[in-house]
Amino acid sequence: MTLTVRLPGPATTVSGRGQRWAEARAGSLLALPAAVYFLVFWVVPFAGAVWLSFTDYELAGVPAWTGLDNYHRLLGDPGFWNSARVTALYTVASVVPSIVLALAIAVPLSRPGRLNGVLRALVMIPAAMPLVATSMVWSAIFADEGLANTLIGLVGIGPQPWLTDERLALWALVIMTTWKHLGLFVIILTAGLQGLPSGVFEAAAIDGAGPLRIFARITLPLLRRTLLFVLVIAVIGAMQSFVPAFLLTKGGPAGATEVLPLYLWATGFGFERMGYASAIAMVLLVAMLALSLVQFGVLRGGDDG
Amino acid sequence: MRPSRWGNALRGTLLSLVVAVMLLPVYAMVAVASASDATDLGGLGFDAAQFGEHLSLLFGQGGFPLYLRNSVILSLGVAVLEVVLSGAAGYALAQLAFPGRRVLFAVVVGTLSLSPIVVLVPMYLVVRQLGWIDSFQGMIVPFAMSAFGVFLVRQFALSLPRELLLSARVDGAGELRIFLRVAVPLLRPALLTLFLLQFLAQWDNLLWPLVVANKPGLWPLPVGLSQLQTEYDFSAGLVGTAALVTAVPPLVLMFVLQRYYVAGLTLGGVKK
Amino acid sequence: MTLLTRRRLLAAAALTTASGLLAACGGSEPEAAVPADGVPRGKLSVWLHQTKAYDAVFTNLLHSYIQEFGGVDVTPLYVPVDKFDAKLLTAFAGDAPPDLFKIGGWTVPGHARKGRLAPIIPKAMGVADDKALIAQYDQSAISSLSYQGRLYGVPIDYTICFLYYRRDRFAEAGLDPDKPPTTWEEVAEYSKRLTSADGKKVGLQWILGNPQWTLMQLLALVKGKGGGILSADAGKATLATDAGVEALRYYGSVGDAKLSNPLSGFGLFATGQAAMVVSGLFAMDLFPALNKQLAFGKSFDIAPLPHWDGAQPVAPAYTWAWAVAEQSKLPYTAWHFIDYLQREDVAARQLKDASLLTPVKGWEKLPNADPKAMEIMAAAAPHADFGPQTPVWQEMAKALTDAGDAVAFGKKTPERAAADFDQAMRIAL
């Protein structure tokens, strides 16, 4: 499970055994709480979950070892495949637009100016809004006479049944989560953009490169590490997303928003098939790790700054 | 490239418009808070008298002030521990060589991808074994650190100016002293960002406190609020008002910390 | 030395996971389940899902019980209804359930099968045996709470489905508000007349996406056609039959699945977009709470649930139950407290203040009830149907909801949805 992320070597100039020993001691001391914490609250529960995924544990009795039965069952479970499809769709649909949108807002917003300063403060407001407390407001926004229909009415589109149309419901969730996370992404990207060396841009402008060319050839590559960070948290957030569907649609209509974590929840705590739910979680975990590796690989390239 | 005055104005207007659209749902929240009953949700008007009535009802009832207090304890507790513990671990991972560094980092990245739902039952068993059911430590300690927090601090700490740490070493300062005196001040934006994000996350945490606390006297806001809102029976205006009041503390904290989180999220993206 | 500490550390880590899991099944027998003097003692914890009306009644009852029996203290916890099961299950798995709880009667056989429930203690309830207790209740309601011949709960909050209809909408459409439809065929016909030109108002609207209501709605349709959702021994699914397919086809043909409201069909009925819904006794108080303009008997009314033309009526019913945890150290006290909650004067109070019917024998004559509702329920009681009794109730109801919704949203044909349901249940059963 080691990632191919290069750890920068420790400072070696003040080398010598004494220094290395001091570092090891300080490092161990600082990292010890983390080691204990992750062991007790994640590694041990995780090991428990791995074990359960090979058993028939039903939240009662002694789990009996059933080998690969749960994984085998996954293959023929239409509910699982529906959820996997919904999660894939939801991830793409929420990550791509929110990152493109965040970039489109961040580039002009990163310029200095008093208005931009105010807007940068305002753009984070949705991120501070607690989802659980405000979910009821969102069901009101997506109601027949709600704000969403009022807005699309302004551009001449008739009212839509947002939460009860199986094609629209997923998009309603995407709108809600994009709204919630966009501000954070914008601020991360803005901060990244502001840290870029201005000399490069000036040189490019003198060379007569247009703004789009500068963006594609200079801004994007320089911003790679920040983009990677945003992408990783966006993808992980989307694939683990549970609360929006749990609060707003409960997986409906007709399974259209039954994302994998929600299916996991129903399997574990509704049907009480915790062994099977653990197997689903392992599949999700492997998929997410694989995706993270791909992202690191693609965006890291050779040089990792 | 010299931006024209018109271009600037256009850009400013467009950006303001986008931000205004993003704030519309916040306004909808205000409007719902003054709705009179469940059939009256779509309106965008604001009825101050209704809203006032809901407010006094909310703070007059026993529960809400208590939930508010519990949420403050929970969110502050988690955020403070997170800053101290994830801060230390993130710095160590980025700047110090110690045995087990790679393993710890792999665990951190792996944990990022682990679905919290599946460890709910095993984690409950651990907390029960520790005798922490029905206590604040049972709600706080399992979130005292996070993979995200360690990851964030590590990313930021990677770009701490080497020369500074090095010269401190040359001066003969101990590693812990360097961490506290040199690194922590430089890490301040990242640490305060982490503080903010963890505070927000706990302010919105429903599942774990619900499962682990059996006394309403311990419940934080999300659990208390879902009491107000059941499937067949809720007062929309009251829930809306509660939602609005709930959103105020995180908003205030965010504005107070604004100066820091912008810098904290720079992640040392580019070496200067 | 180092080896020892390391081994101890490992053992501690293993203990943390394993012992918790294993303890869930151990559970020592409570010593002296029945105290010699028959007096209840101790501190009880009780969990119930939160409902505004009932919680107020319950809190008062609890105080009067504590007053009457000085040796007992009761701590209640009101949990939001949609998170109740998860919380209870986690507590069961962690070996820390409350002493007693109010759960859906439909989940009792499943919990009992997993050894989580303590059977009733007749002595605590002032009766000689199970049989004597059953005789005190409505037969069909209480027998739905047994598993393998033993009784694991007593019923509370019992209802048989009604057809709720909007008198104002009927009058608007030129239908006689005093003559609600009596057959499903009539419901379809009335629905056509009640549907507005723009499609925003409809006749009957199903409660979609909700497992419990889907089961009751489809139960009425499938059973009425002579079919069944599961076979008589609950051994396999039988929806892919003529009866099942026709029921699903009908399910998809009335109402408009795309109409939306934060409170689903209940909300649509409150706004008047839906002129008819299937619902229980509790809704008589619910609708006026959702829309202050609604008054029972004036703007909305109830009628017996329709049946298929020329066929036997089917009356889908459900009941909640009080049950005691197998792990409870105070089963006697718990059952004694439950018995107190079930007294006739208490039942009358619950009915008056919370529209909550305790199906004690002779419930149809309880004072304070709406006479029309009681009359309809009493007439339907002989046909009361609690649906298939199966330990995998949750999975069945979810699969059935998937099938019903898929047809209602036009995603699948009735034939396909029925076959998929049977297939899903083959894996589950």
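Predicted model: local features only at pLDDT ≥ 70, side-chain atom pairs only at ≥ 80, totals over all residues.

User: What makes up the secondary structure of chain A?

Analyst: Chain A has 14 helices and zero strands. Read from the N terminus, its elements are α-α-α-α-α-α-α-α-α-α-α-α-α-α. Along the principal axes, the C-alpha atoms of chain A fill a box of roughly 70 × 70 × 30 Å.

User: Where does UniProt place the domain in chain A, and what is the helix content there?

Analyst: The unreviewed UniProt entry gives "domain: ABC transmembrane type-1" for residues 84-295 of chain A. That span is 76% helix and 0% strand, and its end C-alpha atoms lie 20 Å apart. The annotation may be inferred rather than shown by experiment.

User: Which residues of chain A does the entry list as "transmembrane region", and how much helix do residues 88-109 and 227-247 hold?

Analyst: UniProt, again in an unreviewed entry, lists residues 29-54, 88-109, 121-141, 227-247 and 274-299 of chain A. In the model, residues 88-109 are 100% helix and 0% strand, with end C-alpha atoms 31 Å apart. Residues 227-247 are 86% helix and 0% strand, with end C-alpha atoms 30 Å apart.

User: How many residues of chain A are in contact with chain B, and which helix supplies the largest share?

Analyst: Contact here requires C-beta atoms, placed from the backbone, within 7 Å. By that criterion, 89 residues of chain A are in contact with 91 residues of chain B. The largest share of the chain A side is 23 residues, from α1(A). By class, this side has 70 nonpolar, 15 polar and four charged residues.

User: And how many residues of chain A are in contact with chain C?

Analyst: There, 28 residues of chain A are in contact with 30 residues of chain C. At least two residues each come from α1, α6 (131-141) and α13 (260-270) of chain A. The largest share, three residues, belongs to α13(A). The chain A side divides into 15 nonpolar, seven polar and six charged residues.

User: Why are α1(A) and α5(B) called oblique?

Analyst: Helix α1 (residues 17-52) of chain A packs on helix α5 (residues 120-129) of chain B at an angle of about 125°, with axes 8 Å apart. Roughly perpendicular covers 65 to 115 degrees, and roughly antiparallel begins over 145. The angle falls between these ranges, and the pair is therefore oblique. The crossing of α1(A) and α5(B) is right-handed. On α1(A) the contact is made by A:Val40, A:Phe41, A:Val44, A:Pro45, A:Gly48 and A:Ala49, and on α5(B) by B:Pro122, B:Met123 and B:Val126. Eight of these residues are nonpolar, one is polar and none is charged. Gly counts as polar in this scheme.

User: Why is the pair α9(B) and α12(B) called roughly antiparallel?

Analyst: Helix α9 (residues 175-203) and helix α12 (residues 236-256) of chain B cross at roughly 175°, and their axes come within 10 Å. The term applies over 145 degrees, so α9(B) is roughly antiparallel to α12(B). B:Leu196, B:Phe199, B:Leu200 and B:Trp203 of α9(B) meet B:Pro250, B:Leu253 and B:Met254 of α12(B). By class, the contact has seven nonpolar, no polar and no charged residues.

Note on methods:
Residues numbered from 1 in each chain as written. Chains lettered and ligands numbered in written order. Helix = DSSP H or I, 4+ residues; strand = E, 2+ residues; numbered from the N terminus. Axes fitted to C-alpha atoms, helices over the stretch in contact; angles between N-to-C directions. Parallel < 35°, antiparallel > 145°, perpendicular 65-115°, else oblique. Left-handed = near helix turned anticlockwise from the far one by under 90°. Contact = placed C-beta atoms within 7 Å.
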